[in-house]
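Take a walk through this model, from the whole chain down to single side-chain pairs. Keep the structure open while reading.

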Amino acid sequence: MAFPFPWQGEGADEAETWAGYVNWRGRPALRAKHGGMLAASFVLVVEIMENLAFLANSSNLVTYLTGFMHFSLSRSATTVTNFMGTAFLLALLGGFLSDAFFTTYHIYVISALLEFLGLVVLTGQAMRSSLKPPPGEEAAGGKAVMLFAGLYLTALGVGGIKGSLAPHGGEQFDESTARGRKARSTFFNYFIFCLACGGLLAVTFVVWVEDNKGWQWGFGISTITIFLSIPVFLAGSPLYRNKIPTGSPLTTIAKVLLAAILNRRSNYQSARNAIVDMEQSSPAEDIKESEATVPVLVPVPGKELAWLNRAVEGRPLHRSLACDANEVEDVKVVLKLLPIFLSTIMLNCCLAQLSTFSVQQAETMDRRVGRLTVPSASLPVFPVIFIMTIAPLYDHVIVPLARRVTGSEMGITHLQRIGIGLVLSVVAMAVAAAVEVKRKRVARRVGEGFQGPLPITVFWVAFQYLFLGSADLFTLAGLLEFFFSEAPAKMRTLATSLSWASLAMGYYLSSVLVTVVNRATSSGGGGRRGWLSGGSLNHYHLERFYWLMCALSALNLVNFVFWAMIYRYRSSKK
């Protein structure tokens with residue numbers, strides 16, 4: 001059931017309105033007034049604020065949990081991984097609700113309020129010592145409940161925002177024209193740029209505040225920022241065009257799949273003959289009754305994934321399973337997107353290492369830059385600065401040059417961008433392994449009893465941040481635009497949310513891999529430790545784990561190339 005828009009289609013000429021779109025009051029969106037880059041600019045500003053509020057806490061959350069909640073390092077890492085994974089996975093919920101019942105406009109406002117409430121809880125706990133455990137005692141009981149309530153209320157809000165904000169910006173452009181598609185591509189590039197801007201402020205200024213002024217100030221900054229993002233977003237209301245929800249996309253997918261499996265096969269000619277016979281021999285009342293069991297003639301669906309064609313070629317077992325060719329084709333598109341989605345999970349598994357093992361590596365190294373000591377949580381500043389540099393360069397130099405060379409509208413296709421990111425992820429893990437070998441060599445040279453940071457600069461670890469950050473730039477930007485432009489209109493927001501769900505699955509896969517590798521590489525009798533266990537990081541075999549990740553990433557790249565080569569874009573312009 002779609003969200004009701006009582007003024008839809010009233011009092012406006014179709015040539016002057018955007019078909020299928022309304023303004024924030026529910027009235028038809030006007031071509032001369034709604035949509036375009038100016039409307040999308042409000043989304044870009046909001047993305048800076050939203051990502052600042054999210055990353056300011058998630059990038060340094062391990063420190064808060066170990067230092068103030070007195071969690072063990074392993075429990076802190078697991079909590080952070082689950083928090084971030086849950087936040088990104090809930091983007092699917094935000095995307096689903098936007099497509100099915102509400103608009104991306106409504107979902108953003110609701111989600112921002114939920115994140116604000118979660119941060120209020122966390123800020124309140126950080127401010128009051130009575131709400132935190134005594135020194136040396138791990139948070140439990142009501143204190144733990146308050147912590148996790150704040151974290152997962154925040155995660156629910158973050159998920160809704162991730163699932164609605166980027167699609168809301170993408171909806172502002174006219175995809176029926178080359179100019180509109182190019183402007184939409186520019187928007188997604190600058191969306192990543194703004195994401196990086198928010199990240200830069202988070203991992204520098206806010207992390208410094210958390211480490212030097214107190215976590216109550218860090219949480220407070222995030223709380224105020226996400227709250228202020230709401231009026232900024234609402235300020236663009238007179239300019240937005242909002243896609244009208246068309247009902248649950250999951251219902252359509254389930255109906256087509258069930259119909260393809262259960263429907264009795266028949267051919268079009270026999271169905272056509274049956275209809276003609278009944279028209280000649282039955283009164284009008286009987287014809288209406290027979291339409292419940294005999295399929296109405298529909299356009300013939302395509303030959304790809306031909307087994308789904310049974311949904312329209314056969315007689316439905318029940319009228320609720322009656323499908324048309326357009327619904328079948330929409331489901332085919334979604335199924336063809338899934339292999340691309342699955343191929344990006346391994347990259348995000350690599351990215352998960354930046355908030356766990358890479359931070360622990362940095363903690364053992366010399367983090368001094370002149371008189372300044374760089375916080376470990378600020379190391380993402382390297383890929384963030386690179387993204388902020390390369391994103392405008394990519395849009396204004398690389399893409400125009402590629403368009404002239406290839407003669408195509410896109411210049412560099414979405415799948416090519418994703419492929420570049422996956423290649424960089426392989427390189428990144430190889431670099432990470434080599435750096436860990438070098439770090440452990442220094443640790444062995446100074447000996448076990450050495451106190452203080454190792455005499456090796458933290459800038460060595462910055463290389464893996466740089467390569468993985470670059471991989472994230474190419475892959476995330478490519479995924480967002482790929483899913484948005486390729487998915488059926490009625491499933492577009494949900495499909496775009498797969499970009500964030502891939503991040504979630506990567507974080508969860510990272511936790512599984514760590515557990516499996518530790519069990520597989522340790523002896524049952526306790527004589528041999530696993531690769532990722534020991535008294536300190538110097539006892540780990542982290543370099544072997546990184547080489548394993550490199551090999552898995554290479555195999556994943558081969559898998560992606562296979563699916564990318566056989567994928568056919570919905571439009572040749574792509």
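**From surface to core**

About 24,900 Å² of the protein chain is accessible surface, and carbon and sulfur atoms account for 65% of that area. The model is predicted. The protein chain has 574 residues, and 52% of them count as buried. Its secondary structure comprises 21 helices and nine strands.

Start inside. In soluble globular proteins, nonpolar side chains tend to be buried together. The largest nonpolar core here holds 98 residues. Which of its members touch the most others? They are Tyr64, Phe191, Trp500 and Phe545. Helix H7, residues 178-212, supplies the largest share of this core, with nine residues. A second core is separate and has 26 residues, among them Phe341, Tyr394, Phe474 and Phe482.

Look at Tyr64 in detail. Leaving aside residues up to four places away in sequence, Tyr64 touches Met69, Gln125, Ala126, Lys132, Leu147, Trp215 and Phe219. That list includes Gln125 and Lys132.

Now go back to the surface. A nonpolar patch sits there, formed by Leu258, Ile261, Leu262, Leu305, Trp307 and Leu317. Together these residues have about 560 Å² of accessible area. Leu258 lies in helix H9, residues 249-262. Is Leu258 buried, partly exposed or exposed? Its relative accessibility is 43%, so Leu258 counts as partly exposed.

Charged pairs come next. Side chains of opposite charge can pair when their charged atoms come close. The model has nine salt bridges. One of them joins Glu175 and Arg492, at 3.0 Å from N to O. This pair links distant parts of the chain, 317 residues apart. Glu175 is in the loop between helix H6 (141-170) and H7, while Arg492 is in helix H19 (residues 492-496). Glu175 has 34% relative accessibility, so it counts as partly exposed. Arg492 has 6%, so it counts as buried. Arg184 joins the picture too: Glu175, Arg184 and Arg492 are linked in a network of salt bridges.

Other salt bridges stay within one helix. Lys332 and Glu329 meet at 3.4 Å, N to O. How are these two residues placed along helix H13? They are three residues apart in helix H13 (residues 325-343), which means that about one helical turn separates them. Lys332 counts as buried because its relative accessibility is 3%. Glu329, at 29%, counts as partly exposed.

Helix H17, residues 414-446, holds another such pair, Arg439 and Glu436.

Finish with the rings. The count of aromatic pairs comes to 28. One of the pairs is Phe42 with Tyr240, which is edge-to-face: the centres are 6.5 Å apart, and the planes make an angle of 85°. Where do the partners sit? Phe42 is in helix H1 (residues 37-58), and Tyr240 is in the loop between helix H8 (215-235) and strand S3 (242-243). The pair therefore ties together parts that are 198 residues apart in sequence. Phe42 has a relative accessible area of 23%, so it is partly exposed. Tyr240 is at 0% and counts as buried.

Phe187 and Phe188 also pair. Their ring centres are 5.2 Å apart and their planes lie at 65°; the pair is therefore edge-to-face. Phe187 is buried, with a relative accessible area of 0%. Phe188 is buried as well, also at 0%.

Conventions
Residues numbered from 1 in each chain as written. Predicted model: local features only at pLDDT ≥ 70, side-chain atom pairs only at ≥ 80, totals over all residues. Heavy atoms only, no water. Core = buried A, V, L, I, M, F, W, Y, C linked by side-chain atoms within 4.5 Å. Buried < 20%, exposed > 50% of the residue type's maximum accessible area, 1.4 Å probe, protein only. Helix = DSSP H or I, 4+ residues; strand = E, 2+ residues; numbered from the N terminus. Contact = heavy atoms within 4.5 Å. Patch = residues over 30% accessible without salt bridge, like charges linked within 9 Å, V, L, I, M, F, W, Y side chains within 5 Å. Areas by Shrake-Rupley, 256 points an atom, 1.4 Å probe, with all protein chains shown as cover. Salt bridge = Lys/Arg side-chain N within 4 Å of Asp/Glu carboxyl O. Phe/Tyr/Trp six-rings, centres within 6.5 Å; stacked < 30°, edge-to-face > 60°.
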